[in-house]
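Please look over the chain shown here.

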Amino acid sequence: MNERTMMSLNLALRFILEMVVLVALFVWGISVSDELILQVLFGVGFPLVAVIVWGLFVAPKASRRLPDPARLVVETGVFGMGVLAFILSGYLLLGLLLAAASALSLFLMFYWGQRGY
């Protein structure tokens with residue numbers, strides 16, 4: 001595989017990891033209460049907050065995209081919340097895998113200069 005293909009694969013991995021964070025937040029949200037209404041509220045609410053924050057400040061076409069290093073702090077915080085959500089939900093291995101994959105993808109983004117995508 002050439003470097004251009006690897007760069008594209010890293011961006012695809014990054015998108016998949018963003019979706020995994022939303023799943024983690026959903027799983028955590030539904031686990032914080034035994035009451036159905038709170039499960040729905042948190043299960044939808046936590047991922048929704050992450051989507052709004054990401055869409056406003058991190059996404060490539062964000063209207064208020066933050067410059068680095070502020071964007072890096074927000075990104076790390078969102079991915080960190082996904083990791084923590086998995087761990088708090090009892091999925092330690094998934095949390096650790098998300099942390100490792102997110103760190104690898106971020107490293108590769110810096111290595112290949114993909115931060116401005």
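Predicted model: local features only at pLDDT ≥ 70, side-chain atom pairs only at ≥ 80, totals over all residues.

The side chains of Gln114 and Asn10 make a polar contact at 2.9 Å. A polar contact is a pair of N or O atoms within 3.5 Å; within protein, one must be able to donate a hydrogen and the other to accept it, and residues adjacent in sequence count only if both atoms are side-chain atoms. A polar atom of the Gln114 side chain also lies 2.9 Å from the backbone oxygen of Met7.

| Partner of the Gln114 side chain | Distance |
|---|---|
| Asn10, side chain | 2.9 Å |

Residues are numbered from 1 along each chain as its sequence is written, and side-chain values use heavy atoms, with hydrogens and water left out.

Where is Gln114 found? Gln114 sits in the segment after helix H4 (92-111). Helices are DSSP runs (H or I, at least four residues), numbered from the N terminus. Gln114 is buried, at 5% relative accessible area. Buried means under 20% (1.4 Å probe, protein chains only).

Now the helix pair. The axes of H2 (residues 36-57) and H3 (residues 70-88) come within 11 Å and cross at roughly 160°. Therefore H2 is roughly antiparallel to H3, a term for angles over 145 degrees. Axes are lines fitted to C-alpha atoms, for helices over the stretch in contact, and angles run from 0 to 180 degrees between N-to-C directions.

In H2, Val53, Trp54 and Phe57 meet residues of H3, including Arg71 and Val74. Contact means heavy atoms within 4.5 Å.

How values were computed
Helix = DSSP H or I, 4+ residues; strand = E, 2+ residues; numbered from the N terminus. Buried < 20%, exposed > 50% of the residue type's maximum accessible area, 1.4 Å probe, protein only. Parallel < 35°, antiparallel > 145°, perpendicular 65-115°, else oblique.
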